[in-house]
Amino acid sequence: MILAFNGSPRAHGNTATMLQAALDGATSAGAKTRLVQLYPLKAKGCVSCFSCKLKTGRHGYCALKDELSPILEMMEEADGLIFGSPIYYNNITPELLALEHRFLFSHMLYNKENRWVFPRRIPSAFIYTFGMTAEHTDSIIGQFSAVHNRMGEMLGVKSEICCSANAWQFSDYSLYEADRYDPAEKKKYHDEVFPEDCRKAYEMGRRLALMKEQA
Ligand SMILES: Cc1cc2nc3c(=O)[nH]c(=O)nc-3n(C[C@H](O)[C@H](O)[C@H](O)COP(=O)(O)O)c2cc1C
């Protein structure tokens, strides 16, 4: 099963569309898939209880019980993980960050060796969407690279990243205080470039599904 996580409050927005394209790519390679919407879940980020690091504790397990708990359990069995978020103030949303922190931290020990306790090697990918234009991509995603770099390290396979810039935010720009955007230019980008971004997400999802578990 390839799992994808939507860190946007918009269940059918740009991020969800890109995630679905990636899952369609995975399906085309024969994978089973599931898209998880994170915003409806009642959940918190890591509460720093350190249960996951107790010598007598269960390593690789987050002891905090809430609506992310069953999702974290499913991630243990997954064949691949795809994390998607819109960019809010140069970062991913708190909902996705909560999931990533709990997943990463519960599988990390403070030992000098054997730092990660995830038992298998599985691929992961990240999808980011944002309102600024594409030339800002590197400076935006460079600001929170620790999370996707650590994820690849922990899962044993370098993560892929796929971005979509210049996001289409409203269906009618004339209704909003937004004259820094040219609606015709936004629409053209949405009609011509966004489908190409989705195609790249599709190919990424297909590649991810074709990677054999490398355990
Ligand atoms: C609270 C908030 C903060 C935002 N901050 C940024 C930002 O720092 N940089 C940027 O390029 N876009 C920013 N945006 C635009 C979103 O990234 C854009 O609307 C997003 O791609 C929409 O994805 P969605 O349709 O999946 O929700 C922001 C939007 C919101 C609501």
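Guide: The shell around the ligand divides into eight nonpolar, eight polar and one charged residue. Here Ala, Val, Leu, Ile, Met, Phe, Trp, Tyr, Cys and Pro count as nonpolar, Asp, Glu, Lys and Arg as charged, and the others, Gly among them, as polar. Mind that this is a predicted model: local features need pLDDT of at least 70, side-chain atom pairs count only at pLDDT 80 or more, and totals for chains, interfaces and linings use all residues. Residues are numbered from 1 along each chain as its sequence is written.

Visitor: Which of the 17 residues around the ligand come nearest?

Guide: Gly 13, Thr 15, Pro 86, Phe 130 and Met 132. A residue counts as near if its C-beta atom, placed from the backbone, lies within 6 Å of the molecule.

Visitor: Which helix gives the most to that shell?

Guide: Helix 1, residues 14-28, with three residues. Helices are DSSP runs of H or I, at least four residues, and strands are runs of E, at least two, numbered from the N terminus.

Visitor: How do helix 1 and helix 7 pack?

Guide: At an angle of about 40 degrees, with their axes 6 Å apart. Helix 7 covers residues 194-210. Axes are lines fitted to C-alpha atoms, for helices over the stretch in contact, and angles run from 0 to 180 degrees between N-to-C directions.

Visitor: How many bridges join strand 4 and strand 5?

Guide: Five, in the parallel sense. Strand 4 spans residues 124-129. Ile 127 stands opposite Cys 162 in strand 5.

Technical notes. Pairing = 2+ DSSP bridges.
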